Amino acid sequence: DYLARLLLWVLVQLKGLCGSYGWSIIIMTILVRLLFWPATAKANASMKKMSKVQPQIQALREKYKDNPQMLNAKMMELYRTEGVNPMGGCLPILLQIPVFFALYATLDGAVELRQVPFWWSADLAAPDTVAHIFGLPINPLVIAMTLLMVVQQRLTPTAMDPMQQKMMMVMPIVMLFFLYNLPSGLTLYWTVSQIFSILQMLLQKHYNTAAPAQGAGSAQKA
């Protein structure tokens with residue numbers, strides 16, 4: 001509750017600076033994501049390491065499927081050898097959950113957003129419906145949010161097995177069904193947040209690709 005109150009205060013202050021609650025939501029989302037950039041980067045790096053050792057883990061599971069104690073011992077040995085922390089991808093994300101719940105509560109219940117238009121949305125406290133097709137409302141932001149969720153899943157390193165990956169690919173459709181009528185202020189936040197996440201992953205990927213190449217070039221010169 002105190003985090004939600006603080007974030008609402010920040011939202012109102014930003015509105016005073018930029019004159020728009022819509023842009024205030026965008027700016028606040030970017031500020032929060034920048035605050036958690038190091039934690040998210042660490043989580044992404046840890047998940048990438050986990051995905052690299054996944055074939056070895058699968059081989060151990062096949063080899064020691066009848067001996068759980070030996071399997072756990074061999075997996076921990078592999079983690080130590082490869083410098084992988086199994087919880088490294090989870091803990092940074094857990095730290096962000098209270099803030100994101102507070103953001104959700106702030107944008108979902110803020111009286112200040114009612115009857116406030118932004119872009120094509122007539123009301124930030126209501127869905128951004130632009131038309132109806134066969135009685136079905138067309139809400140562009142939540143549709144964009146779902147498509148970006150698919151892109152983010154494809155970019156995110158994963159240590160899951162193929163069956164779990166297929167189940168995760170269904171999640172955007174489930175989220176679309178349950179969140180379709182969210183207020184546009186919330187879907188604006190989620191959309192901007194996902195764009196930020198995708199850009200961060202692309203930047204990390206570019207940096208991780210460029211760093212070994214630069215190291216190899218320096219070694220050749222030496």
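**Exercise 1.** Leaving aside its neighbours within four places in sequence, which residues is Asn 139 in contact with?

*Solution.* Begin with the ground rules: this is a predicted model, in which local features need pLDDT of at least 70 and side-chain atom pairs count only at pLDDT 80 or more, whereas totals for chains, interfaces and linings use all residues. Residues are numbered from 1 along each chain as its sequence is written, and side-chain values use heavy atoms, with hydrogens and water left out.

Then search for contacts, meaning heavy atoms within 4.5 Å, and you find Pro 127, Asp 128, Thr 129, Tyr 180 and Asn 181. With Thr 129 there is also a polar contact between the two side chains, at 2.7 Å; such a contact is a pair of N or O atoms within 3.5 Å, where, within protein, one must be able to donate a hydrogen and the other to accept it, and residues adjacent in sequence count only if both atoms are side-chain atoms.

**Exercise 2.** Classify Asn 139, Trp 119 and Phe 134 as buried, partly exposed or exposed.

*Solution.* Apply the cut-offs for relative accessible area: buried is under 20%, exposed is over 50%, and partly exposed is in between (1.4 Å probe, protein chains only). Asn 139 has a value of 0%, so it is buried. Trp 119, in the loop between helix 5 and strand 1 (131–133), has 49% and therefore counts as partly exposed. Phe 134, in the loop between strand 1 and strand 2, has 87% and is therefore exposed. As a further check on the backbone, note that Trp 119 has a positive phi of about 55° although it is not a glycine, and that Phe 134 likewise has a positive phi of about 55° without being a glycine.

**Exercise 3.** Which members of the largest nonpolar core touch the most other members?

*Solution.* A nonpolar core is a set of buried Ala, Val, Leu, Ile, Met, Phe, Trp, Tyr and Cys residues joined through side-chain atoms within 4.5 Å. Among the 30 residues of the largest one, the answer is Ile 25, Met 28, Leu 107 and Leu 113. Two or more residues come from each of helix 1 (2–18), helix 2 (21–35), helix 5 (91–109), helix 6 (140–155) and helix 8 (184–221). Finally, look at Met 28, which, not counting residues up to four places away in sequence, touches Leu 7, Val 10, Leu 11, Leu 14, Leu 103 and Leu 107.

Key: Helices (H or I, at least four residues) and strands (E, at least two) are DSSP runs, numbered from the N terminus.
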